[in-house]
Amino acid sequence: MPVHCRRCIVLIVAALLAFSTDGCRTPVSQSRVITFPGSAVGAEAEVLRRQLHRFMENHPDIKVVQRPTPDAADQRHQLYVQWLNAGADDPDILQLDVVWTAEFAAAGWLLPLDRFAPDINSFFPSTVIANRWAGTLYALPWFVDVGMLYWRTDLLDHPPRTFDELSHQAAMVQSRAGLPFGFVWQGARYEGLVTVFLEHLGGFGGCILDDAGHVMVDAEPAVQALTYMRDAIYQNHIVPSVVLTWQEEQTRFAFQNGQAVFMRNWPYAAALLTDRSTSQVSGKFAVALMPALSTATPTATLGGSQLAINAHSDYPDAAYAVIAYLTQPAQMLERARIVGQYPARPALYTASELASTLPLPPEQVRRIIEHAVPRPVTPVYTELSDILQIALHRALTQQQSPTEALGEAARAMRALLTKVELDPESRAQQGQSHAEQ
Amino acid sequence: MQSSSEAREARLVWAFILPALGTILLIAVFPLCWSLWESVHLHDLRMPWRGQPFIGLTNYREALATPRFWEALRHTLLFTSLSVTLELGLGLGLALVLHHASRGRGVVRTAALMAWAMPTAVAALIWRFLFESPAGIVDAVLMKVGTTDAPFVWFIDPVLAWVPVIVADVWKTTPFVALLLLASLQNIDLSLYEAARVDGASPWQQFRHITLPLLRSAFLVALIFRTLDAFRVFDLIYIMTSGGPGTATEPIALYTFSMLFNNLRFGYGAALAVGIFLVTGVLALLYVRLLDKDDIGAAS
């Protein structure tokens, strides 16, 4: 019993000590300490560690400390919100998913970056749009992710340009070559479904929010796009209904095992599909833009990561120096080489280094990124996406008709925007009062 | 002299009780009060510019006006009534079998406990895997016996998606009910059955008039535990269906979680949490009164 107690006390004291040393963040010998949260494991953490180390060699007065954070986007988001909401000055730098920037900026948690005058013209325009809120730049693009159509070069001689062509090719190859699936995409009820829908939607000439901020998901193109997706499952039988439970990896497995003619996925899949030891389609696939109506533009959903500065950071200048270094061409190329993430600078796609290190032809990927469309840039994106995910999934699992589901979603989205005063009317008024000031 | 020792004893009693009381205050009463406070305020973590004003019952009114809330409530009631009924029925059967099995009772009892001891998250993953198509075992078996000719996707049908969920819950918690009833069965005085036999009662009459009435208390305890647990179901459904397809299998706890931790609407989420607390509280009170009555009935 006394032994037990003593051990308890030792543990408690140790815990207290651990907390107290962690709590005070005294700058060591005049150097400015910048904290950087990110993945703690794998090649990604390794390449970041290496780059930060090089940065510190060039800037002996700045010390950058890595903060391990969860890899899952939702968990990371939750953690960030807790930190920032409490007004913490730590971490200094934030690694943001492309759909978070507006939310964090509107909350006043991010430092405007315009005063550092970054050369934004050297980044893909869509990545810059996604990082602006109310006309102010809040983050710099770090690497780009983009949705693309994978197709089988051994079964087809060209990728489909229109949705009809895709349906036709899929059905034809399916029956000719006996493949179980024509087209696979991410259809589970999660963010991935919205990215897939956005690509269909863009191809039918629609959008989620228009430039003025009007909700457009109950307009004709949206209903057509969702009807096309649903008919592909239940009428044309080119998309298996099981995709409605699938995320990225399940679609990759199906495509990798040679079961599907087409797959919609992100660039990460390419490296894995090229691996001869596990993939049956190595050397038998290529990527293309998603199809579109002849009257509309092919659309790719923009993903990827951004770097921003905590508004409460003690050393914003030092933090910006870190961001500027990490977003330089050399660091982006190194990242592409080691973890296969695509640079946010179009100029790098002509570099021979990129061609030799990536499994996909850079020129093709650049063309797809140029068609990339950000998801609605609004502080309430997550709620909008939540509403849309439910509506899409209800329509695709035949609980509601596309018109009914999208109509309901549009009403809920409009009500939400009005409630938080982000509807077009309130925004116009805010713009006016802003101009008067 | 005596009174001072009594006073000392009283002080000692308080000294022993206070830490426990303090702990309860800290981990049960304080969070509850905080939730109540949050529930009457606007508190969107995402929108600090809206502040945290007092908004009275607006959050509660919003919940009552939201179809998704009522659906979630309906789903919760459906899940609770179905799974608890099945668990009590099957649990009683299992308990009777275990009670009468003379050989291997220990082994069977341990085996039954395994399911109960398994973390819900693990059980949920296993059951999802079994029902998943096209690789799931359930589909393979159904195709073998010829019930279906193509792989069947359980999780995209708003009604059939409940099957894996309820099967998993019943599989996992029936042993708990069975063990509870078994303990009670073994306490029944055997002379009661002897007397009944002497009087010429059939086995069914013995079961109906001796076993069942004497199992009442244990039954009620099992019912309370299972209903309250089932009403708060979260992990099982979160892992197996995430509430889908659409929101067809979303229970109230998952809806609350989604509002609190995905949408970070603390005020609204707190109002929902208070709602769950009220319902489970009323249920608990109801059951405790039933139990009380039962004890008095048994004593007299």
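Which stretches of chain A make up domain 1, and which make up domain 2? Domain 1 takes in 28-144 + 303-373, while domain 2 covers 146-301 + 375-430; these bounds come from an automatic or database domain assignment. Before going on, a word on what you're looking at: this is a predicted model, where local features need pLDDT of at least 70 and side-chain atom pairs count only at pLDDT 80 or more, while totals for chains, interfaces and linings use all residues. Residues are numbered from 1 along each chain as its sequence is written, and chains are lettered from A and ligands numbered from 1 in the order in which they are written.

Let's stay with the two domains of chain A. Their C-alpha centres lie 27 Å apart. Where they meet, domain 1 of chain A puts in 20 residues and domain 2 of chain A puts in 22; two residues are in contact if their C-beta atoms, placed from the backbone, lie within 7 Å. On the domain 1 side, H14(A) gives the most, with four residues. That side divides into 15 nonpolar residues, four polar and one charged. Here Ala, Val, Leu, Ile, Met, Phe, Trp, Tyr, Cys and Pro count as nonpolar, Asp, Glu, Lys and Arg as charged, and the others, Gly among them, as polar.

Now step back to the whole of chain A. It has 17 helices and 13 strands, which are DSSP runs numbered from the N terminus (helices are H or I with at least four residues, strands E with at least two). Its C-alpha atoms fill a box of roughly 70 × 60 × 60 Å, taken along the principal axes.

Next, pick out a sheet. Four strands of chain A form an open sheet in the order S8-S9-S7-S10, with mixed pairing; strands pair if DSSP finds at least two bridges between them. S8 (181-184) and S10 (285-288) of chain A are the edge strands, each pairing on one side only. Further in, S7 (residues 148-152) and S9 (residues 260-265) of chain A pair in the antiparallel sense over four bridges. Look for Trp151(A), which stands opposite Phe262(A) in S9(A). Helix H6 (residues 163-177) of chain A packs on this sheet, touching S8 and S9 of chain A.

Finally, there's chain B. 21 of its residues are in contact with 21 residues of chain A. The chain B side of that meeting divides into 13 nonpolar residues, seven polar and one charged.

Key
Axes are lines fitted to C-alpha atoms, for helices over the stretch in contact, and angles run from 0 to 180 degrees between N-to-C directions.
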